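Please look over the model below before reading the points.

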Amino acid sequence: MKPTENIEEFVRLEKPHVTTGETIDKRTLNDSFAAMDETVRANKTSAVGIILRSRAAKLAAAAVIILAIGLLAIQFGPSEQEPSETRNVAKSPADMLSVMSLNMAYRRGGIEAVDDLSNEAFEMLGSQPANVSIRELLAESNGV
Amino acid sequence: MKTANHRLSIKMTCILLTVLASASLVEAYPPDNAAVLYYKAIMILKEPSKDVSAMIDDLRKGKIKSNDKISQHLEENRRAIEIVETAAEIPTCDWGRDHSQGFDLRLPELSKVRRVAFLLNADAQTLADSGNHRTALSKCLTMHKMARHVSDDLLISYLVSASLNNLANQRIQDFLSSMPQNLETLTWLKSQVVAISVNAPSIKTAVAREKEIAMQEMRKEKIDSVLDAMGADSIKDGITADAYEKGRRGDRKFFKDSRDYYAKITDDAIVALDLPYQQSHRRLDELNDRVQKDAKENPAAVLTALLTPAVSRIRTAETKARTFFNAVKAAIDIYIIKAKTGWLPDTLPAGLPRDLFSGKDFEYEKKKDGFVLRCRGKDLDKDEIYQYEFKVPK
């Protein structure tokens with residue numbers, strides 16, 4: 001198999017996953033710059049070569065490439081989710097403890113689902129009242 | 001002389017007032033409404049850490065025995081447990097629920113009462129492990145009394161109530177299977193169980209109250225909030241998006257027709273609840289099928305299809321809970337015979353509480369290490385026959 005076919009086959013079957021990081025990005029950028037320098041050295045007289053010798057111009061070129069990739073990704077990327085047919089209203093913890101919410105939880109998963117929903121609501125409500133004795137309350141009030 | 005008499009009468013009046021005042025203070029506790037004490041207990045209830053919470057769950061499911069961490073958590077909540085035990089003895093319990101709020105009414109107390117019941121359950125198991133069976137059984141009776149207080153004024157509260165009954169019965173079954181057959185304890189337990197069986201919460205009352213609420217909520221000005229509260233679960237099989245939207249945008253006549261349809265179906269369901277289980281379940285399934293079918297052709301049936309709970313399943317849950325309680329009651333009688341004679345009876349004594357799935361006596365099987373009470377009728381939702389095993393410790 002020819003090298004180009006090899007690569008095509010690899011992409012088609014293996015679906016390579018490349019995770020980029022700062023180090024890899026830097027190395028790729030440096031390799032690109034080195035390749036460009038080599039091209040420029042080979043064509044010393046060309047105007048493009050003169051322009052690309054400047055580091056600022058190199059960065060600008062890289063930015064254009066990244067921008068183009070970004071635009072393409074937006075164009076061909078997944079579309080935004082269609083709005084659901086039912087209205088999904090965010091529920092407050094109090095709403096989660098309403099008769100209807102508890103009824104629906106029971107319909108979904110019985111008494112355990114009612115427990116889970118209630119626990120979730122109480123967790124959202126935050127800290128629970130502590131066991132405070134009258135002595136402690138008096139001590140707080142009197143600053144004793 | 002007149003002045004001396006006057007002074008004496010003033011003194012007497014003061015003493016009388018002091019006595020009356022102190023007497024009224026003594027009578028102020030416990031209050032005549034159990035809910036006041038439940039709310040108080042909930043306020044001082046210390047939530048367990050995640051570890052301890054998991055242990056309490058495992059203990060309830062019989063996966064572990066009680067341990068030091070559970071005991072420590074119980075001690076930290078001892079005052080709350082005592083308050084709940086006092087509350088459970090009060091005949092009246094009014095939670096202060098404003099039913100005019102319909103399906104929007106908040107019920108934070110249900111979950112908290114279940115938490116307290118789990119605590120009582122852990123307390124009972126810890127006591128039983130240390131051989132204190134009678135006190136452990138009294139904790140189970142407290143759970144039963146709490147179940148009655150949770151009440152049948154709404155369908156969901158009825159179901160929570162039934163779950164507490166089941167929890168209490170599971171523990172009684174365990175304790176009967178592990179404790180010595182002490183005639184006095186068993187006779188006391190029997191009398192207590194008979195007492196708490198009077199005026200038990202009723203599924204019919206719960207369904208009738210649910211009907212009242214639904215009739216209130218099936219109005220143009222309320223339907224959006226009801227359907228929103230139901231969320232994505234409100235879409236049922238057979239209800240098209242078009243029908244669903246019609247439900248939201250209906251005119252006054254649509255809502256009037258919907259209420260009439262709902263009332264008719266629920267009234268039929270309430271009548272069906274009076275039938276023996278097998279017929280009742282069949283009839284409730286027929287009603288449900290009719291509503292689903294009508295909803296495709298008759299707009300007035302759409303809201304009923306959306307709002308009506310699966311009453312046949314609730315009927316099964318009710319039958320299961322009551323049958324379990326009947327099995328426990330029957331078992332207590334059998335243990336009493338064993339305590340009196342030294343032997344388990346060869347056949348089931350006459351007149352014992354029945355299996356409500358079939359309406360017949362339980363099938364009784366004597367075994368080497370105890371006995372089994374088996375239902376003769378199936379749970380029609382799960383296609384399962386239940387049996388309750390009781391051991392006789394040597």
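1. How much area is buried between chain A and chain B, and what share do carbon and sulfur atoms give? About 3,000 Å² is buried, with 57% from carbon and sulfur atoms; buried area is the accessible area (1.4 Å probe) that two parts lose on being put together, summed over both.

2. This is a predicted model, in which local features need pLDDT of at least 70 and side-chain atom pairs count only at pLDDT 80 or more, while totals for chains, interfaces and linings use all residues. Residues are numbered from 1 along each chain as its sequence is written, chains are lettered from A in the order in which they are written, and side-chain values use heavy atoms, without hydrogens and water.

3. In chain A, 29 residues contact 42 residues of chain B (heavy atoms within 4.5 Å). Two salt bridges are counted between the chains (a side-chain nitrogen of Lys or Arg within 4 Å of a carboxyl oxygen of Asp or Glu). Arg106(B) forms one with Asp95(A), with the closest N and O atoms 2.2 Å apart. On the chain A side, helix 6 (99-125) and helix 5 (93-96) each supply at least two residues; helix 6 gives the most, 15 residues. Helices here are DSSP runs (H or I) of at least four residues, numbered from the N terminus.

4. The second largest pocket holds about 630 Å³ of space. Its lining has 32 residues, and among those closest to the centre are Tyr158(B), Glu318(B) and Arg322(B). Helix 16 of chain B provides the largest share of this lining, eight residues. A pocket is an open set of points on a 1 Å grid over the protein atoms alone, where a 1.4 Å probe fits, with protein on both sides within 12 Å along at least five of seven lines; lining residues have an atom within 4 Å of a point. The volume is the space filled by probe spheres set on the points, which are joined across faces, edges and corners.
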